[in-house]
Amino acid sequence: MKKIVWLTIACVLLFSNQALAHTGLESSNPTQGSTLTEQLSEITLTFLTKIEETSSFTVTNSSGESVEVSGILVEENVMSGSMGDSLDNGSYKINWKIIGADGHPMEGVIDFVLEAPQEVEDVEPTSEPIEEVEPIASNTEEIETSVEEEEEKSSSNSIIGIIIALVVILALAVWWMTRRNKK
Ligand SMILES: [Cu+2]
């Protein structure tokens, strides 16, 4: 921590005659804290100064797993990358790590939430199996695997919702019965 403070002071002293030499994030797409209602195809980070080509970024989902980003490109003060597959709805973090024009390494995080309409039907067949409704009628083995698969998806929310509803109903039933017994 001390090192960073000294480095920052050194940077400010060395480049005080050029106010913009000390790099920081100027703008980004998506912006910090934003909620997207459309699929994200590209991420763009714009910095205050030119950045080193070794600069990079990663994207992680709410479980901390990294999401594929392809073709990260650094051009002057702009760093961009394309999102490989369409993302599931949920919250994400863009973790950027750059070296500015003054050689000062910096990093930061941009949070965003994706709430796009999920294309489930009439989509070209993808490698990802889309069997979210059928397993109810079939055997338990299939249900187990599909539950695992769905854990990462936003549809797990509805399962949690059903479980919560069942627990609430059960609790109410128990409460009602004990109450009745006491009378
Ligand atoms: Cu600096």
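Q: Hi! In β9, which residue is the bridge partner of L36?
A: L36 has L114 as its bridge partner in β9. Before we go on, this is a predicted model, where local features need pLDDT of at least 70, side-chain atom pairs count only at pLDDT 80 or more, and totals for chains, interfaces and linings use all residues. Residues are numbered from 1 along each chain as its sequence is written.

Q: Which strand does β9 run parallel to?
A: That's β2 (residues 34-36), joined to β9 (residues 105-114) by three bridges. Strands here are DSSP runs (E, at least two residues), numbered from the N terminus, and two of them pair if DSSP finds at least two bridges between them.

Q: How many bridges link β8 and β9?
A: There are 10, and β8 (residues 90-99) pairs with β9 in the antiparallel sense.

Q: New topic: what's the strand order in the open sheet of four strands?
A: The order is β1-β3-β7-β6, with antiparallel pairing.

Q: Why is one side of β1 and of β6 left without a neighbour there?
A: β1 (25-29) and β6 (69-75) stand at the sheet's edges, so each has a single partner strand.

Q: How many bridges are there between β1 and β3?
A: Four, joining β1 to β3 (residues 42-47) in the antiparallel sense. S28, for example, has L45 in β3 as its bridge partner.
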